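Hello,

Here is the structure we talked about. Please open it alongside this note, and my findings follow below.

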There are 2 protein chains.
Amino acid sequence: MKVIHTADWHLGKILNGKSFLEDQSYILDAFVDAVEAEQPDVVVVAGDLYDTSYPSKEAIQLLESTTQRINLKLGIPMIMINGNHDGRERLEYGAQWFEHADLYIRTQLHQMVEPICIEDTCFYTLPFANVSELQAYFEDPEIDTYQDGLERCLAEMKNVLDPSKTNILISHLTVQGGTRSESERPLSIGTVESVTQQTFDMFDLVMLGHLHHPFSINSEFIHYSGSLLQYSFSEANQPKGYRCVTVDKNEGHQSIFRPLEPRRKLEVIEADYDDIIQERIEVDNKNNYFQFKLQNMSHVMDPMLHLKQIYPNTLSLMNTTHHFAETSTEDTTEIQHMSDIDIIRTFYEYITEQQLTERQTEKLVHIIDPEAKDSDS
Amino acid sequence: MKVIHTADWHLGKILNGKSFLEDQSYILDAFVDAVEAEQPDVVVVAGDLYDTSYPSKEAIQLLESTTQRINLKLGIPMIMINGNHDGRERLEYGAQWFEHADLYIRTQLHQMVEPICIEDTCFYTLPFANVSELQAYFEDPEIDTYQDGLERCLAEMKNVLDPSKTNILISHLTVQGGTRSESERPLSIGTVESVTQQTFDMFDLVMLGHLHHPFSINSEFIHYSGSLLQYSFSEANQPKGYRCVTVDKNEGHQSIFRPLEPRRKLEVIEADYDDIIQERIEVDNKNNYFQFKLQNMSHVMDPMLHLKQIYPNTLSLMNTTHHFAETSTEDTTEIQHMSDIDIIRTFYEYITEQQLTERQTEKLVHIIDPEAKDSDS
C-alpha cells in the first residue's frame, strides 16, 4: 500500500499583508502532478487545510478544485482531518455525501473508533480538539492536559483496534521534542500541549500535522509531513513537500520526504543596507519573499520603497544597527525571581516609559489576589 | 410527477438584531415532515438559501442538516440554484460530489442548457446573475436590462429544449407586476429588473424565487413559492409555506400553496401606547415578533423596556404621534416632472438641510451628461 502524507496547507494564509493564494495554487498543481505520478492508494491530509475558520471564497475554491482533481478525476481516496486552524463546521460541510466517493473528512471525535480500512490497512482519525472539548467529550473535568486527553482517546481506540492489521493514526498535535516554527499557532494557552512518543506505541505508523518542519521529530514510526510552503521566516531554510509512505505488515514501512519546488521561497538576508541596494550581495531569487535585517540605513528616507524596486516581494524590514533584543535571555531569567506585581510594573514601564501610580498598583494587587488584605493601607 | 417548490429560505437572516435561526430550524423541521408526508419526486429550492454570501457556521449547518434529511435520509432528489443573496462559490462547494446522490446545486450559467431530466420532466436551471455577469457570459456589452439578458438565456435553452417533454424552468428573478416586500434586496441598481411573463412561453411551468409573497403574480404557469418565513414587517400578513406541484403533460399541472405554521409570526400593531401596555388590545401571540406603531408615549422614559416585559420579541417601535410620512405619495408623483439635477438637488437639501453650491451643481451636471456643453458658463 502506498500513502501520500501531507498536512498544513493553510489555504488563504496571509503573511505581512501578502496573500499566498497564488503560491498555494502553484504548489498544489505540482502536488497533484506528483500524486498522479505516484499513483498512491490513498492521500492523507493531517489538518490545517485552511488558515482560518472563516476561509475566503478563493481559499474554498482552491481546496475544492484540488480535492476534485485528486478524488474525482484521479479517483484516489482521500482522508482529511481538521487542524487547530480549521473551522470544524465549514470543513466537514458535505462530508456525508463525499464518503460515497471515498473522500473522508473527519472532524468528529466519536469517529476515532470508526477506522477507514483499505485492504489490510486501517486509518484511525483523531482530529484536533482542545482540552475543554476533550473534557466535554469524555464528560470528565479531570482531563487537564493533552497527554491526559490523548491517552483517553487511545484507550477508546485500543478497544476496537485489530493488531493483525496495519494500523495508522492520523492526527494533528505536538509531539514532545518536536522542532517548532513561528507560523504554528499554539494549540493551547496555559497547559503543556505536547505529548510523548510512547503514547502511540499501539500504532504501526502515525501521520501527523501541526509542526511545519518535515523532520520535526526523530522517530521510526511517527512522522510530520511538514507544511506545504514556508509560512514564516523562521521556516526560511526548511524544505517543503510531502511524504510518500509505503506500508507492508511484514516488511515494515518507509516514509520518504519528497520536496516540491515552490514558485517563491522565503529568504532572510542580514546585511548592510548599501550592499543590498547596490546588489553587491547575491540573493537566491529576486522574486522571493524577503525579510531584510539591515544595518546603516538611517540616511534613507523610505528604505522599503527602494528595496521593493529591486526585490518586489519584500515582506519585512528590520533595522539591526542597534541590537535591542540581546539582553532577552537575561530578562527571562530575572523574571523567575520577580513577584507578579513587579513583572507587571517592569513591563508597564518598559512599554509606556511611565511608572504605575499607587492607585493602579493597588488595583492590580487586588486583581492578582482578590482575597489578600491590602498591605499598603 | 410531484414536485415540492420552495425558495427564499434566507438562512442566517437577522432582523433588527434578532437572529431568525431558531425559527428557521423550527420551520424547516415542519417542512421536512411535510416533504416526508408528500413523498415528492423532487424538491426544488429556487434561490436565496442563505441570507448572505458569508453565512455563519450555524446557517451552514442548518442547510446541511436539512439537505441531508431530505436528500440522504428520505432519498429525494433536490435541485437548488443560487439567488441574489447567496455567494455562488460557497453554495456550490461540493456540487460535483452531491450530484452522485441526485442533489443538484446549480450556480453556473453554462448549465442552463443541461437540464436535469427525471422521467419525462426536464428541469432547466437559470441561477441568479446580474446584468454585467450576463454581459460577460454572452460577451455582449449591448445587454442592458434583465429582459435582454433573459431573452438571450432562453434563446440558448430553446436550442436544446424538447417540446415533447414537460419543461420546467427554475429561476430567481422579478416578473413584471409582482407584489414586492421589503426584505427582497433589489436585483440591480439603475436598470429595470423585472421581466415580462410572455418571455417564458416556451416552458410548461416556471418555478421562481425572489419575491416573498406566495401569490406574487397572477399566472397559470409562473409561480413564486414565497419565502419560508415572514422576513420583514411588510410581510406581516403574508402566508408562508411551500408549493406542491403535480405535473402531467396531458392533464396539465396544479401548483397548490400549502402553508406552514411558524413558531412566531411578525405582527404590526398600531395603537395608543397605554392601550398596549395595559393590554387592552389583544395581540395574536405575545411571543410574536412585534413592530409597534404607537401614539402618545412621550411621557414614558424607556418605552421599549416596558414593551419587552410584556412582548419579549418586540423588534421595532415607532412613534406615530406625528405623521411625517404622509406626503410621500405626492413626492413620488412630483419626481416624474423633475429634471435629474433637480431630483438630486431636492434630495441633497432634504438630507443635509443645505443647498448645493454652484460648483457642486456644475460637477453633477457634468456627471449626468459629460457631453453636454456647460450651459451656465
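Which hand does the link of B:Cys117 and B:Cys122 have? The link is right-handed, with 110° about the S-S bond. Please keep in mind that this is a predicted model.

**Disulfides**

Counted over all chains, there are two disulfides in the structure.

The sulfur atoms of B:Cys117 and B:Cys122 lie 2.2 Å apart and form a disulfide. B:Cys117 is partly exposed, because its relative accessibility is 42%. B:Cys122 has a relative accessible area of 4%, so B:Cys122 is buried. B:Cys153 takes part in no disulfide. Its nearest cysteine sulfur belongs to B:Cys122 and is 18 Å away.

Now chain A. Here A:Cys117 is joined to A:Cys122, with an S to S distance of 2.1 Å. The torsion about this S-S bond is about 110°, so the A:Cys117 and A:Cys122 disulfide is right-handed. A:Cys117 has 42% relative accessibility and therefore counts as partly exposed. A:Cys122 counts as buried, because its relative accessibility is 4%.

**Other cysteines in chain B**

Is B:Cys153 buried or exposed? Buried: its relative accessibility is 1%, and the cut-off for that label is under 20%. B:Cys244 is buried as well, with a relative accessible area of 4%.

**A:Asp48**

Where is A:Asp48 found? It sits in the loop of chain A between strand 4 (42-46) and helix 2 (57-73). A:Asp48 counts as buried, because its relative accessibility is 1%.

What does the side chain of A:Asp48 reach at 3.1 Å? It reaches the backbone nitrogen of A:Asn84.

Now the contacts, leaving aside neighbours within four places in sequence. A:Asp48 is in contact with A:Asp8, A:Trp9 and A:His10, among others. The list also includes A:Asn82, A:Gly83, A:Asn84, A:His85 and A:Asp86. A:His172 is another of these contacts.

To find your way in the viewer, go to the A:Cys117 to A:Cys122 disulfide, then to the B:Cys117 and B:Cys122 disulfide, and then to A:Asp48 in its loop.

Best wishes

Conventions:
Residues are numbered from 1 along each chain as its sequence is written. Chains are lettered from A and ligands numbered from 1 in the order in which they are written. This is a predicted model: local features need pLDDT of at least 70, side-chain atom pairs count only at pLDDT 80 or more; totals for chains, interfaces and linings use all residues. Side-chain values use heavy atoms; hydrogens and water are left out. Helices (H or I, at least four residues) and strands (E, at least two) are DSSP runs, numbered from the N terminus. Buried means under 20% relative accessible area, exposed over 50%, partly exposed in between (1.4 Å probe, protein chains only). A polar contact is a pair of N or O atoms within 3.5 Å; within protein, one must be able to donate a hydrogen and the other to accept it, and residues adjacent in sequence count only if both atoms are side-chain atoms. Contact means heavy atoms within 4.5 Å. A disulfide is a pair of cysteine sulfur atoms within 2.5 Å.
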